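Please look over the sequence and the structure shown here.

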Amino acid sequence: SAASNVLEDMKSMSMITGTTVGRWSTVAGAFLSDDFDITYRPGTLTIVPDTLTVQAIDTSSVYGQTPLLRDTITGYHYEDADSTEIVTPPVNTLKDNANNTVAISNDIDAGLYSIVPGGVVLSNDSNYIIKYLNGTLNVSKAPLVELAKDTSRYFGDPNPNFASAYTGCLNGAGPADLRTPLANIVTFSIF
């Protein structure tokens with residue numbers, strides 16, 4: 001009868017042979033029917049790795065300070081975490097505008113640098129692949145104060161030699177390391 005061709009009251013119980021990354025067999029559920037001779041054929045479930053994103057966090061520093069570089073890792077599922085999936089954590093490299101590697105230290109010139117994460121090693125049974133996103137390090141100039149030393153002269157005498165003192169020099173730098181200003185040096189008369 002036409003009504004017996006409809007499989008309304010059938011219940012299925014399927015089985016999957018795995019739930020992690022890989023190719024797994026699926027087995028169709030057990031159906032019972034008075035009107036059908038049911039044949040079962042196994043199927044395949046392919047589970048592909050999902051992506052963990054390692055993002056270098058944008059940060060800033062001042063010349064003379066060693067920057068603290070950090071990362072975030074996102075994309076975990078279920079109860080997965082760094083402790084269960086990561087064998088070796090990210091290692092950051094600094095790159096300048098010419099893509100040269102810059103040592104992470106307290107002697108990084110002022111400017112913008114790319115923070116390039118890498119080196120993550122996943123556990124052998126990990127269900128993830130890694131995607132890296134760069135961050136930016138902004139190193140600002142350190143404050144340096146030039147103080148003109150007090151001097152005197154008698155009216156009508158030529159000006160004495162003027163001298164300056166500097167505070168704030170870092171990393172072994174001193175007045176000899178300062179560059180001449182780009183603009184013309186202007187001489188002012190002292191009245």
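Which residues does Thr 53 touch, not counting residues up to four places away in sequence? Before the reply, some ground rules. This is a predicted model, in which local features need pLDDT of at least 70 and side-chain atom pairs count only at pLDDT 80 or more, while totals for chains, interfaces and linings use all residues. Residues are numbered from 1 along each chain as its sequence is written, and side-chain values use heavy atoms, with hydrogens and water left out.

Thr 53 touches Thr 72, Ile 73, Thr 74, Lys 131 and Leu 133, with residues up to four places away in sequence not counted; contact means heavy atoms within 4.5 Å. Thr 53 itself lies in strand S4, residues 50-56. Helices (H or I, at least four residues) and strands (E, at least two) are DSSP runs, numbered from the N terminus. Thr 53 has 19% relative accessibility and therefore counts as buried. The cut-offs are under 20% relative accessible area for buried, over 50% for exposed and partly exposed in between, with a 1.4 Å probe and protein chains only.

Next, the strand pairing. Strands of a sheet pair through backbone hydrogen bonds, either parallel or antiparallel. Two strands are taken as paired if DSSP finds at least two bridges between them. Strand S1 (residues 15-16) and strand S2 (residues 22-27) run antiparallel and are joined by 2 bridges, with Met 15 opposite Val 27 in S2. S1 and S2 form a hairpin, with 5 residues between them. S2 also pairs with strand S3 (residues 43-47), in the antiparallel sense and over 5 bridges; here Arg 23 has Thr 46 in S3 as its bridge partner.

There is also an open sheet of 5 strands, in the order S5-S13-S10-S8-S9, with mixed pairing. Strand S5 (59-62) and strand S9 (101-102) stand at its edges with a single partner strand each, so one side of each has no neighbour in the sheet. Within this order, S10 (residues 111-118) and S13 (residues 135-140) run antiparallel and share 5 bridges, and Gly 111 has Val 139 in S13 as its bridge partner.

Rings of Phe, Tyr and Trp (its six-membered ring) pair if their centres lie within 6.5 Å; planes under 30 degrees apart count as stacked, over 60 as edge-to-face and the rest as tilted. The count by this rule is 1 aromatic pair. The ring centres of Tyr 76 and Tyr 128 are 5.8 Å apart and the planes stand at 85°, so the pair is edge-to-face. The pair links distant parts of the chain, 52 residues apart: Tyr 76 is in the loop between strand S6 (71-74) and helix H1 (82-85), and Tyr 128 is in strand S12 (residues 128-133). Tyr 128 counts as buried because its relative accessibility is 5%.
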